[in-house]
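Please keep the sequence and the three-dimensional view at hand while reading.

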Amino acid sequence: MQNRLENRLGLWGWLGGGRYGLERYAYALHRLAGLGILAYFVMHIFVTGSRAAGPERWETTMAFFSTPLFKMGEFLVFLAFAYHAINGIRLILVELGYMIGKPGLPAYPYNYSTLRQRPLFVAAMVIAAVLMIIGGADFYFLMK
Amino acid sequence: MRESKLWSWHILTAVIILVLLGVHMTTMHLGALLSTAGIGSGDPTQSAEVFHRSQQFIYMIGYILLLGAALFHGLYGLRSMLFELSLSRVSEKVIGGLCAVAGIALFIYGSYVAILVFRMKGV
């Protein structure tokens, strides 16, 4: 493709936030969480595929994955899902132009779009944190 | 398919996933909280509960829809990330093709399992 910009920074080009602030790091974390969820999802398709061999095979598979290590891994996936989902809602709202305010003249004191959408970012992070705490309580304190 | 159309599908599948995976996550990972509220047994991975859910038409359709939406959303996301590394046109074609083949193969396998378990009798 012609006229496209080269990513000279490689992986750091999309991992690092540089001077672009919190939203840029949230974006990098969104991608990392997405990659983790995708890796889990592919394994999940094969694990749940054991249902096809009947209930006994399912019970054996679940017994194999009931160790503390896998439980911890499952909880990490839940955390990644909670973050990716709530931050994803924020990204869709911003993508569609909601909650970023109206454009205006660059008059002092400057009010740029990143600042205008900061309350949405904070609200999304608080909701994600609440979901993570509820999930943690369920995983480690309520589950028998 | 044009990139803008693929991107629109990426957002549309995100909304589908949000609803279906939200229900799935609540059922599977907040089971203890739900049982406290009198819904479910508290262990949604018990084979009786798993097969009971899988043999309901609405769940089978939901699983297949979620499978397709999640595979497209995830693999398109992965493809986009890799494309940002300034790869050659040939590499992009190969990655795009691999993502498409992997997505179709996983969708066929997952759908086959969902339909097979739905049709199981006496389980």
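A crossing of two helices is called left-handed if the near helix is turned anticlockwise from the far one by less than a right angle, and right-handed if clockwise. Helices themselves are DSSP runs (H or I, at least four residues), as strands are (E, at least two), and they are numbered from the N terminus. The structure is a predicted model, in which local features need pLDDT of at least 70, side-chain atom pairs count only at pLDDT 80 or more, and totals for chains, interfaces and linings use all residues. Residues are numbered from 1 along each chain as its sequence is written, chains are lettered from A and ligands numbered from 1 in the order in which they are written, and side-chain values use heavy atoms, with hydrogens and water left out.

H4(A) passes H1(B) in a left-handed crossing. The two pack at an angle of about 140°, with their axes 11 Å apart; axes are lines fitted to C-alpha atoms, for helices over the stretch in contact, and angles run from 0 to 180 degrees between N-to-C directions. H4(A) is therefore oblique to H1(B), since angles under 35 degrees count as roughly parallel, over 145 as roughly antiparallel, 65 to 115 as roughly perpendicular and the rest as oblique. Contact here means heavy atoms within 4.5 Å. On the side of H4(A), the residues that meet H1(B) include A:Phe78, A:Phe81 and A:Ile89, while those of H1(B) include B:Trp7, B:Leu18 and B:Met25. By class, this contact has 12 nonpolar, 2 polar and 2 charged residues, where Ala, Val, Leu, Ile, Met, Phe, Trp, Tyr, Cys and Pro count as nonpolar, Asp, Glu, Lys and Arg as charged, and the others, Gly among them, as polar.

A further pairing joins helix H2 (residues 22-48) of chain A to helix H4 (residues 57-83) of chain B, at an angle of about 135° and with axes 10 Å apart. H2(A) is thus oblique to H4(B). Among the residues in this contact are A:Leu38, A:Phe41 and A:Ile45 of H2(A), with B:Leu71 and B:Leu78 of H4(B). The classes represented are 10 nonpolar, 1 polar and 1 charged residues.

What does the largest nonpolar core contain? This core has 28 residues, and those with the most contacts inside it are A:Phe41, A:Ile45, A:Phe78, A:Phe81, B:Ile17, B:Leu21 and B:Leu71. A nonpolar core is a set of buried Ala, Val, Leu, Ile, Met, Phe, Trp, Tyr and Cys residues joined through side-chain atoms within 4.5 Å; buried means under 20% relative accessible area, exposed over 50%, and partly exposed in between (1.4 Å probe, protein chains only). The largest share of the core, 7 residues, comes from H4(B).

Attention may now turn to the loops. In chain A, A:Met99 is found in the loop between H4 and H5, and its phi is near 60°, a positive value in a residue other than glycine. A:Met99 is exposed, with a relative accessible area of 52%. A:Pro109 also lies in the loop between H4 and H5 of chain A, and a cis peptide bond joins A:Tyr108 to A:Pro109, with omega about -5°. A:Gln117, by contrast, is buried, with a relative accessible area of 10%; leaving aside neighbours within four places in sequence, A:Gln117 is in contact with residues including A:Glu23 and A:Met99.
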